[in-house]
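Here is a short report on one chain. Please keep the sequence and the model open while reading.

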Amino acid sequence: MRNPPKNPPSSSQRPPQKSTQAPKPLPYKPQPYRPPESAPAPSPLTAPTTSSTPPRFIPPRSRRIPLYLAGGVALIGGAYTVFIHRSLSGPPSTLNVPADVTDRYDAKAGFFDAEVNWTEWAWGIKKLRRKLTQKAYGDVLEVSAGTGRNVDFFPLERCKSVTLLDLSAPMLEIARKKWMESHPAYKNVRFLQQSALEPVSSPGGDKFDTVIQTFGLCSTPEPEKLLRNLEKVVKEDGQILLLEHGRSNYKWLDRLLDNSAPSHADKWGCWWNKDIGAIVGASELQVVRIKRRHLGTMWWIELKPRKRRGHSEEAIEDTSDEKQLKLEQRGIAEQHVAKKSEKK
Ligand SMILES: C[S@@+](CC[C@H](N)C(=O)[O-])C[C@H]1O[C@@H](n2cnc3c(N)ncnc32)[C@H](O)[C@@H]1O
């Protein structure tokens with residue numbers, strides 16, 4: 001006979017026994033499902049869950065904003081492309097505009113700043129103006145100063161005197177007002193209404209340490225003569241600083257500039273299709289640095305006067321050394337023109 005097991009099996013080990021009792025009612029009544037109140041109401045675009053068509057993707061809000069932005073950019077880009085295409089395919093402007101459009105500035109002066117503010121902001125030109133003007137020192141001359149868009153950037157602690165010069169009296173008057181507002185305590189400033197093609201000297205009767213010009217070559221019918229005059233008024237060891245705009249690195253863009261140049265000059269008093277590299281090369285001034293931006297249309301130029309012999313600027317001799325130097329100077333400026341042609 002077998003002995004009974006010492007420990008009876010636990011309930012989990014026991015085989016299931018048939019219940020003889022009736023099932024107890026559930027302690028709660030199931031409710032039909034209702035979406036929480038905070039949940040978004042089903043949109044007509046929401047994917048139908050029971051249909052056989054695949055659900056439509058609706059990006060979350062955080063992703064929709066960049067999509068809208070991208071759409072906006074594509075739209076503007078498209079409109080811009082159409083504008084460029086129409087400008088390039090259309091016939092060149094037949095407007096009969098004189099080479100000298102400097103008189104346009106008298107009429108433009110009152111709204112010049114308002115019209116160029118946005119474009120200059122978009123192209124980062126204010127930054128370039130600041131950087132260039134910050135290089136000024138000593139007796140400083142700014143020619144073609146216009147409405148004084150560089151006034152805020154002069155490092156006055158390094159400027160012995162500042163002379164602002166422009167052909168247009170209304171433009172210069174705006175520059176004068178800006179200066180008085182920005183630098184009321186700085187007394188060594190002068191405003192000269194005259195041509196940058198004419199002689200000018202510092203308040204002490206000397207030549208200048210720094211001559212600066214921003215967007216002036218486009219406005220004069222005699223850009224080479226203007227550069228030569230800047231050379232005459234700057235000290236032998238002085239600097240000529242230019243920020244200019246002109247032809248680009250690309251044929252298609254040059255065509256666009258050429259086609260629209262007459263109407264632009266008529267409106268703005270500036271020929272924006274000038275070959276700045278060729279003008280600098282022809283002036284034969286010493287090139288210290290040339291940098292180009294904005295597809296080659298924006299020119300940052302640092303120049304020095306040609307080496308002089310004796311005390312007169314007329315005494316620039318064409319010895320073989322001088323000739324060699326001139327060729328080198330011209331070469332640097334023309335390299336930029338050559339690079340441009342290579343890219344085309
Ligand atoms: C495009 S605006 C540039 C103004 C300013 N430099 C700037 O950066 O906004 C050209 C300016 O050059 C001036 N200008 C044109 N020819 C000139 C000349 N021969 N002598 C002096 N100023 C001249 C015009 O009166 C005008 O104010």
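## Alanine 282

Alanine 282 sits in helix α7 (residues 276-283). Helices here are DSSP runs of H or I with at least four residues, strands are runs of E with at least two, and both are numbered from the N terminus. Alanine 282 is partly exposed because 16 other C-beta atoms lie within 10 Å. The cut-offs: buried means 20 or more other C-beta atoms within 10 Å of a residue's own, exposed means 12 or fewer, and partly exposed is in between, with C-beta atoms placed from the backbone.

Lysine 225 is 57 residues from alanine 282 in sequence. In space, the two are 9.8 Å apart, C-alpha to C-alpha.

## Model and numbering

This is a predicted model: local features need pLDDT of at least 70, side-chain atom pairs count only at pLDDT 80 or more, and totals for chains, interfaces and linings use all residues. Residue numbers start from 1 along each chain as its sequence is written.

## Helix α3

Which residues of helix α3 are buried? In this helix (residues 125-133) they are Ile125, Arg129, Leu132 and Thr133. They share one side of α3, because they cover an arc of only 90° around the axis. That arc is taken over the directions from the helix axis to the C-beta atoms.

Exposed Lys127 and Lys131 are on the face turned away from the buried side of α3. Cover for the buried residues of α3 includes α2 (104-122), β4 (208-214), β5 (234-245) and β7 (298-304).

## Whole chain

The chain has eight helices and seven strands. Of its 344 residues, 29% are buried. Contacts (C-beta atoms, placed from the backbone, within 7 Å) with a separation of 6 or more come 70% from residues 24 or more positions apart.

Notes: Two residues are in contact if their C-beta atoms, placed from the backbone, lie within 7 Å.
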